[in-house]
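Subject: Structure for your files

Hello,

Here is the structure I said I would pass on. Please open it alongside this message.

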Amino acid sequence: MTPFAALPFAPRPALDKTDAGAAPLGNLPDWDLNDLYTGEDAPELKRDLDWLDQACASFASDYEGKLDSLDAEGLLTCVLRDEKISQIAGRIMSYAGLRYYQQTTDAGRAKFLSDCQEKITNFTTPLVFFSLELNRIAEDKLQTLFAANTDLARYAPVFRRIRAMKPYQLSDEMEKFLHDMGVVGDAWERLFDETIAGLEFEVDGETLGIEATLNRMTEQDRSEREAGARALAEVFEKNIKTFARVHNTQAKEKEIIDRWRGMPTAQTARHLSNDVEPEVVEALRSAVVAAYPRLSHRYYELKRKWLGLDKLQIWDRNAPLPMEATRLVPWAEAEQTVMSAYTAFDPRMGEIAAPFFAKGWIDAGVKPGKAPGAFAHPTVTDVHPYILLNYLGKPRDVMTLAHELGHGVHQVLAAGQGEMLSQTPLTLAETASVFGEMLTFRKMLDGAKDQAERKVLLAGKVEDMINTVVRQIAFYDFECKLHAARRGGELTPDDINALWMSVQAESLGDAFEYMDGYETFWAYIPHFIHSPFYVYAYAFGDGLVNALYSVYAEGAPGFQDKYFDMLKAGGSKHHKELLAPFGLDASDPAFWNKGLDMISGFIDELEAMEA
């Protein structure tokens, strides 16, 4: 129930992703942001800014110091007013943020985003009292208010999450100070985004941006993959002091805030915002790390043999298999593949997904200055989500489309909960996206013409799952080490490089050796800057979906209806409540091995093909 949080997009992990210029991909869609505002000077935007300024001031005047005296109807009115403020602020920031991510190197767009952030921060600072006073209401009184008004009781999950922060709450004055200081952290995030988007890489006589250069590491020609990797290492090294400064500053800022709040660990705030227990995350992490030998180590040893190499280099990690046909997937084919998989699962899913393609809700092309990677941003509940891709026509890009479209479907379904209850914790936000990938993969696997095609599809899926589970848990361990080390003092680039390499060798196994320069590849991962400790949510989502898909594959009655109900719930239920109808429980240690066993089973099938 904070008035407004940072732009809540969910970035897809950037797979090591050719120049789209010559690619016969067809007409790639662009965003139409007019459903938010028609321009920076739109009268509706000025109207909403003026309204927000007045609404925040009157909210503070009407309620500050008075929450404890409200009856159930009065508290409901207060909550609804706060929710409307969140909606208008979210609409403004969604527009400013999405325009910025289309072209992060445009100074005008960057200024517009910054100006909007500052205005909204200033407007909403008087609202900081809301959660502070809410946490001072006695629990028995709050329960009495819920019992008296069912409409108010709907918001009980939001109140519960706010009150989870009660032990870490500071004085009203300090909370307002930290709220105001948020724009400083935002500025460091923009520095990172603009630096990444502005990097240029010389590869075989071409000047490329980061997406096109990362994509070279998925080419069939090994020399092209190596050229891409070495170009990345060269440019990252030239900019490593800037990246180290951003990481040091962000980690130090977090350490200061955590220390003042009395947070027991650097990860505590993320676990609270994800509405997940630390022991559940630790069970996930421990299960994945223990599974490294039977997952990534075993698979990459297979891949080393397929490629005929003594050792894999980092540019071989996402290399196509030797028997894999090199082809680009036109946009129309990608759309048809994903849409047919979604519709085959349930026609309702296809109906929800269709407008994304028809109405300008997807921005797909690779463009100078555009943010790398991919994400789905829900905007606000009275508009619709927007999806950003950097589509280059690789099979993995089709899976990324399936992933982000899953987010979009989830966000559309959850919108009925309203602004406060629609936002899903990150751990559950990956459910529909990973499930969408699985539906698309299974559709493609069922259509495989022969064993060779089946092998390529299986290997690609295993690699995606390793990227989603193993790689992201290794990222999580890197962040844990980085934040712990930063608490002991400033970290040099070499210090951070060493932390990075310590988790890479453990997670990837003995099949690899590492070129000079790979130690800097932590520098381009946006999650570390935008959303510390976000990354375990990918592994959580993959494990959860693997378990869910097993229930679906077993023919559980009414699965589709239960699945839609889960997505519609948004953030209104805890993961235990959401999974109970499927007979699943994420707090059970065996739960995670169920998901990991699916990956291991795919590797078993690949090994059997070699016999």
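My notes on the whole chain come first, followed by notes on single residues.

The model is a predicted one. The protein chain contains 28 helices and 6 strands. Its radius of gyration is 24 Å, close to the 25 Å that the globule rule gives for 611 residues, so the chain is as compact as a globular protein of that length.

Of the 611 residues, 60% count as buried. The accessible surface of the chain is about 23,000 Å², and carbon and sulfur atoms account for 52% of that. As for charge, there are 63 positive and 93 negative charges, and their mean positions lie 2 Å apart.

Backbone

Most residues other than glycine have a negative phi. Two residues here are worth a look on that account.

Thr-379 is not a glycine, yet has a positive phi of about 50 degrees. Thr-379 sits in the loop between strand S5 (374-377) and strand S6 (386-388). With a relative accessible area of 8%, Thr-379 is buried, because the cut-off for buried is under 20%.

Phe-533 also has a positive phi, about 70 degrees, without being a glycine. The loop that holds Phe-533 runs between helix H24 (527-530) and helix H25 (536-553). Phe-533 is buried, at 0% relative accessibility.

Buried residues and their contacts

Glu-430 lies in the loop between helix H19 (426-429) and helix H20 (431-446). Is Glu-430 buried or exposed? Glu-430 counts as buried, since its relative accessibility is 0%. Its side chain makes a polar contact of 3.3 Å with the side chain of His-407.

Ala-402 belongs to helix H17 (residues 395-414) and is buried at 0% relative accessibility. Leaving aside neighbours within four places in sequence, Ala-402 is in contact with Val-338, Tyr-342, Ser-433, Gly-436, Glu-437 and Thr-440. The C-alpha atoms of Ala-402 and Ala-590 are separated by 28 Å, and the two residues are 188 apart along the chain.

Thr-125 is in the loop between helix H3 (107-124) and helix H4 (129-134). At a relative accessible area of 11%, Thr-125 is buried. Which residues does Thr-125 contact, leaving aside its neighbours within four places in sequence? They are Lys-176, His-179 and Asp-180.

His-575 is part of helix H27 (residues 575-579) and counts as buried, with 2% relative accessibility. Not counting residues up to four places away in sequence, His-575 touches Asp-275, Val-276, Glu-277, Leu-428 and Ala-586. Pro-425 is 150 residues from His-575 along the chain, and the C-alpha atoms of the two are separated by 9.3 Å.

Regards

How values were computed
Residues numbered from 1 in each chain as written. Predicted model: local features only at pLDDT ≥ 70, side-chain atom pairs only at ≥ 80, totals over all residues. Heavy atoms only, no water. Helix = DSSP H or I, 4+ residues; strand = E, 2+ residues; numbered from the N terminus. Buried < 20%, exposed > 50% of the residue type's maximum accessible area, 1.4 Å probe, protein only. Polar contact = N/O pair within 3.5 Å; in protein donor to acceptor, adjacent residues only side chain to side chain. Rg over C-alpha atoms; globule rule 2.2 N^0.38 Å. Areas by Shrake-Rupley, 256 points an atom, 1.4 Å probe, with all protein chains shown as cover. Lys, Arg positive; Asp, Glu negative; His and termini not counted. Charge placed at Lys NZ, Arg CZ, Asp CG, Glu CD. Contact = heavy atoms within 4.5 Å.
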